[in-house]
Amino acid sequence: MRFRPFVCTLTLLALVATSGAADAQGRTKKRGTTSTKTPPRPNPVPVSQAPTPISTGSIVDERGLYLDASRSAWGFVNRNYQASTGLARAHDTYQYVTMWDVASALAATYSAHELGLIADAPYNQRIQRALATLSAADLFDGAAFNKSYDSRTGKMIDRRQRISSKGYGWSVTDLGRLLTWLRIIAVNQPQFATQATTIVKRLNIARLISSGYLQGTDLDPQTGQLRVYPEGRMGYEQYAAAGLALWGFRAEKALDARLNALPVDVFGVSIIADKRGDERITSEPYIMMGMETGWYSPELREQAWRLLAAQEARYRATGMITMASEDALPDPPYYFYYYNIYRQGRPFTVDAQAATGYLDRPRWISSKAAFAWHALLPSSYTLAALQAVQGAVISGRGWGAGVYEGTLRPTGDASLNTAALILEAAVYNLRGHPFLATRLD
């Protein structure tokens, strides 16, 4: 399917104090489809918290903004495409990819095709090649895709990034994202359904689900012994479980966002954390779910509204435009950070996998979160955030993670995952509905 670009102008209102003041803008939809209904917004935070509005100009060519952004994003993916495997590097100088990255490359390529950025013949060739690689790639313990592979060869690697016949474990969260995109492609483009189904059949699903929850594995770096553990917390858990459920494999407890729900207050907005602790509540799983398959339960839809409202509430309280998610950044020592809307009793914390405790920095306005939230739940606040990240585009190279809070200085360091979500957001902005609307309840 192709979409003809057209100009859709929007008169930008001054930022208002209530989260529900701006109406969603109209979108072009595919003929014969309908958009999903959205629930009421949660109660707004008090008007008295509103800082002085940010001036962002009077007229915005919103459709042109998304299409221009998608071209830059596709430039990154196209440059890092590996013809030998059909995969794409996650970064310009880093050849190793996770299954999350592999899914992002599929998502980016599919979205670029929908936007008319890649023609049918090269598109078909790239998807077929990627699926062929996944059909032949070694599996960890003969059960599931390893945590990482070499994008140039499709070979499994170990923890030290050496080619390995053994690997070092799987992430069921990453597999859930891959299964989501295999399903989108299989349903919307039946010519790839057989290949996609063959890939899914390679997985030993019984080892990915245990007692209704998702299960990951890892080789202990010290002893080499296999560790098996429940994987996922609120948000990421439901996103990954939905990916499995799309293929008929239901982790019932992981799918249920009510089961481990813990209501908490973030800047006057009630959101849901996880009573098991160790949660990372970020934009990431909610924006992907919203764009890709839709929020499959009322609880997830409501959580999405409230997470956006909490970010706007922080802006009102601090004057800092807030779009919090996970991102790869050039900042040492960890280079990949989670900017959490809530984590273990604290709102708006920053941490990293290898970090001990919380970090003060980096704090950034996420490019992909801004594009996705404005596509999903547009308002004057999301539009202001979208405009704030425009400096993150890297001429000729793609999109950086975003701009740093306060200074709005670009982070630099373009990445595959940022490119993929910006491309997804551009398609959603045109259509106004998910890639694959489905019911999982």
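Predicted model: local features only at pLDDT ≥ 70, side-chain atom pairs only at ≥ 80, totals over all residues.
Strand 11 and strand 12 form a hairpin with six residues between them, and Gly 224 in the turn has a positive phi of about 75°. Among contacts between residues at least 6 apart in sequence, 70% join residues at least 24 apart.

**Strand 11 and its partners**

- Strand 11 covers residues 213-219, and six of these seven residues are buried, so the strand is largely enclosed by the rest of the structure.
- Strand 12, residues 226-230, runs antiparallel to strand 11 and is joined to it by five bridges.
- Within this pairing, Thr 217 has Val 228 in strand 12 as its bridge partner.
- Strand 10, residues 209-210, also pairs with strand 11 in the antiparallel sense, over two bridges.
- Ile 209 stands opposite Leu 214 in strand 11.
- Strand 10 and strand 11 form a hairpin as well, with two residues between them.
- In the turn of that hairpin, Ser 211 has a positive phi of about 55°.
- Strand 9, residues 169-170, is joined to strand 11 by two bridges, and the two strands run antiparallel.
- Gly 169 stands opposite Asp 218 in strand 11.

**Helix 2 and helix 3**

- Helix 2 spans residues 99-114 and helix 3 spans residues 120-136; their axes come within 10 Å and cross at roughly 160°.
- An angle over 145 degrees counts as roughly antiparallel, and helix 2 and helix 3 are therefore roughly antiparallel to each other.
- The crossing of helix 2 and helix 3 is left-handed.
- On the helix 2 side, the residues in contact are Met 99, Val 102, Leu 106, Thr 109, Tyr 110 and His 113.
- On the helix 3 side, they are Asp 120, Tyr 123, Arg 126, Ile 127, Ala 130 and Leu 134.
- Sorted by class, this contact has eight nonpolar, two polar and two charged residues.

**Helix 6**

- The buried residues of helix 6 include Tyr 236, Glu 237, Gln 238 and Tyr 239.
- Gly 243 and Leu 244 are also among the buried residues of helix 6.

**Tyr 338**

- Tyr 338 lies in strand 16, residues 336-343.
- Tyr 338 counts as buried because its relative accessibility is 10%, and the cut-off for buried is under 20%.
- Leaving aside residues up to four places away in sequence, Tyr 338 touches Tyr 236, Arg 280, Ser 325, Glu 326, Thr 349, Val 350, Asp 351, Ala 352, Gln 353 and Trp 364.
- One of these contacts, Tyr 236, is a buried residue of helix 6.
- Phe 348 is 10 residues from Tyr 338 along the chain, and the C-alpha atoms of the two are separated by 9.8 Å.

**Thr 293**

- Thr 293 sits in the loop between helix 8 (284-292) and helix 9 (298-318).
- With a relative accessibility of 8%, Thr 293 counts as buried.
- Not counting residues up to four places away in sequence, Thr 293 touches Thr 180, Leu 246, Met 288, Pro 434, Leu 436, Ala 437 and Thr 438.

Definitions and conventions: Residues numbered from 1 in each chain as written. Heavy atoms only, no water. Axes fitted to C-alpha atoms, helices over the stretch in contact; angles between N-to-C directions. Helix = DSSP H or I, 4+ residues; strand = E, 2+ residues; numbered from the N terminus. Parallel < 35°, antiparallel > 145°, perpendicular 65-115°, else oblique. Left-handed = near helix turned anticlockwise from the far one by under 90°. Contact = heavy atoms within 4.5 Å. Nonpolar A, V, L, I, M, F, W, Y, C, P; charged D, E, K, R; others polar. Buried < 20%, exposed > 50% of the residue type's maximum accessible area, 1.4 Å probe, protein only. Pairing = 2+ DSSP bridges.
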